[in-house]
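Please open the structure in your viewer and keep the selection panel at hand. The tour below goes from stop to stop, saying at each one what to select and what is to be found there.

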Amino acid sequence: MATAQTNPHYRYLLRLADNALVLGHRLTEWSSRAPTLEEDIALSNIALDLIGQARALYRRAIALGGDGDEDHLAYLRDAHEFLNVQLVERPNGDFAATMARQLCYSAFAVQLWGELARSNDSELAGIAAKAEKECVYHLRHSSEWVIRLGDGTRESRERMQRAIDDIWMFTGEMFEVDESDRAMIAAGISVDASKLLLAWNETINDVLAQATIKRPADGWMISGGRQGTHTEHLGHMLAQMQFLRRAYPGATW
Amino acid sequence: MAAAATSDAKRADVLARAHAVLESVTDPELPFLTITDMGILRDVRVAGDAVEVAITPTYSGCPAMDVIAIDITTALAKAGFDNVRIHRVLSPAWTTDWLSAPAREKLRANGIAPPERAQGKRALFAETEVACPTCGSNSTQRVSEFGSTACKAHYRCLACREPFQYFKCI
């Protein structure tokens, strides 16, 4: 049986899937309470894309010999078994914080999926080719908001700057490469995430400049999510996300 | 030899009938388009007494995919095909370029602006010129990149003032 501990391929797929699922779930928390109806629809659409990506990745992981099904992976793992970067579990905060988080992730995801579309894992390559197209839309959406809010009123600018400042130390983890990753890079299944930083910086610098937002200094970066260490926020999120499945095992609707 | 030829002919017949049935299956969100029009139906095969159907999602999270799979199974079952296997294929990734020319016309006739042809990677802030499906004017404005379904954006026409949907290009 493949597990995240014994199989680096499975572990890599879970890392990708958990990023998409956790961020997707966070965005669903805006459903019915986004600032405008159009935004409500937009954030729900983006969430749908991300959760769809997660489902495809979980299915691929299970096909490698993993246990259970996609629901098991989403609903019955505890926080320490999730391998997402801490960036995506950050609470929504205000709309600026959500857009800052979305911009940082989407700018990374577009690069990552673009590279993974050439993965030796042909299933993963197929998922990546589709995800890249979707994430281009997500990136444009969040970029436009960061620019509009940054280059907006005094209040919106202050909030956008604060959001970028607050999220910054969570961005470094996306570009980490550990022992497990190196095995996957060598096998041509994964890509060297550290090499995506250059293109990510280009996108982010361009958007922040247009938004008249000051780019924070690259200081100490948070780490650990990809090894299962999370902020307390993930536990709270999972409590809500997993409640039904845990309270009523095997429930269908 | 004769037996093999007969079985080949029979298989071709079964395949033709299965294809005919699948021609009637439509997209639940765009009921005037068939899954062939949409490019969602990728392959149909006959293996023994089973019909194998390959479909591809338009968007990763498109909820219509589950409904389409059920509709395919139901339509084939009604035509006497009891053993249907549906595979989801992700590669190559679906693109709006697979929408047939009649499909584009049907979209326009139903008030949805058809997608522009995909032109490789677009610049981050490149604006697409979208013609109003009602009056044909190019004087249109994007309201939101995300519309009522994953595959559509929300626009308005500045000439005839009608809001409309644009089938996004991916």
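Predicted model: local features only at pLDDT ≥ 70, side-chain atom pairs only at ≥ 80, totals over all residues.

Residues are numbered from 1 along each chain as its sequence is written, and chains are lettered from A and ligands numbered from 1 in the order in which they are written.

**Chain B as a whole**

Select chain B, whose C-alpha trace spans about 65 × 30 × 25 Å along its principal axes. Coloured by secondary structure, chain B shows four helices and nine strands, where helices (H or I, at least four residues) and strands (E, at least two) are DSSP runs, numbered from the N terminus. Read from the N terminus on, these elements follow the order α-β-β-α-β-β-α-β-α-β-β-β-β. Of the 170 residues in chain B, 34% are buried; a residue is buried if 20 or more other C-beta atoms lie within 10 Å of its own, exposed if 12 or fewer, and partly exposed in between, with C-beta atoms placed from the backbone.

**The two domains of chain B**

Next, colour residues 2–94 of chain B as domain 1 and residues 98–167 as domain 2; these bounds come from an automatic or database domain assignment. The centres of the two domains, taken over C-alpha atoms, are separated by 29 Å. Between them, eleven residues of domain 1 of chain B are in contact with ten residues of domain 2 of chain B, contact meaning that the C-beta atoms of two residues, placed from the backbone, lie within 7 Å. On the side of domain 1 that touches domain 2, β2 (30–34) and α2 (35–38) of chain B each supply at least two residues. That side of domain 1 has six nonpolar, three polar and two charged residues, with Ala, Val, Leu, Ile, Met, Phe, Trp, Tyr, Cys and Pro counted as nonpolar, Asp, Glu, Lys and Arg as charged, and the others, Gly among them, as polar.

**The open sheet in chain B**

Now select β3, β4 and β5 of chain B, which form an open sheet of three strands in the order β3-β4-β5, with mixed pairing; two strands pair if DSSP finds at least two bridges between them. The edge strands, each pairing on one side only, are β3 (41–47) and β5 (84–88) of chain B. Neighbouring strands of this sheet are turned by 20° against each other on average, direction ignored. Strand β3(B) is joined by six bridges to β4 (residues 50–55) of chain B, and the two run antiparallel; to see one bridge, pick B:V44 and its partner B:V53 in β4(B).

Then move to B:P92 in the loop between β5 and α4 (101–109) of chain B, where a cis peptide bond, with omega about 0°, joins B:S91 and B:P92.

**Between the chains**

Show both chains and select their contact, which takes 17 residues from chain B and 25 residues from chain A. The side of chain B that touches chain A divides into ten nonpolar, six polar and one charged.

**Stops in chain A**

Select A:A74 in helix α3 (residues 70–75) of chain A. Is this residue buried or exposed? A:A74 is buried, because 22 other C-beta atoms lie within 10 Å. Leaving aside neighbours within four places in sequence, A:A74 is in contact with A:L21 and A:Y58.

Continue to helices α6 (residues 122–150) and α7 (residues 154–167) of chain A, whose axes come within 7 Å and cross at roughly 130°. The two helices α6(A) and α7(A) are therefore oblique to each other, since angles under 35 degrees count as roughly parallel, over 145 as roughly antiparallel, 65 to 115 as roughly perpendicular and the rest as oblique. To view their contact, select A:V146, A:L149 and A:G150 in α6(A), which meet A:S156, A:R157, A:R159 and A:M160 in α7(A).

Finish with A:S32, in the loop between α1 (8–28) and α2 (37–63) of chain A, a residue other than glycine whose phi is positive, near 80°. A:S32 is exposed, with 8 other C-beta atoms within 10 Å.

Definitions and conventions:
Axes fitted to C-alpha atoms, helices over the stretch in contact; angles between N-to-C directions.
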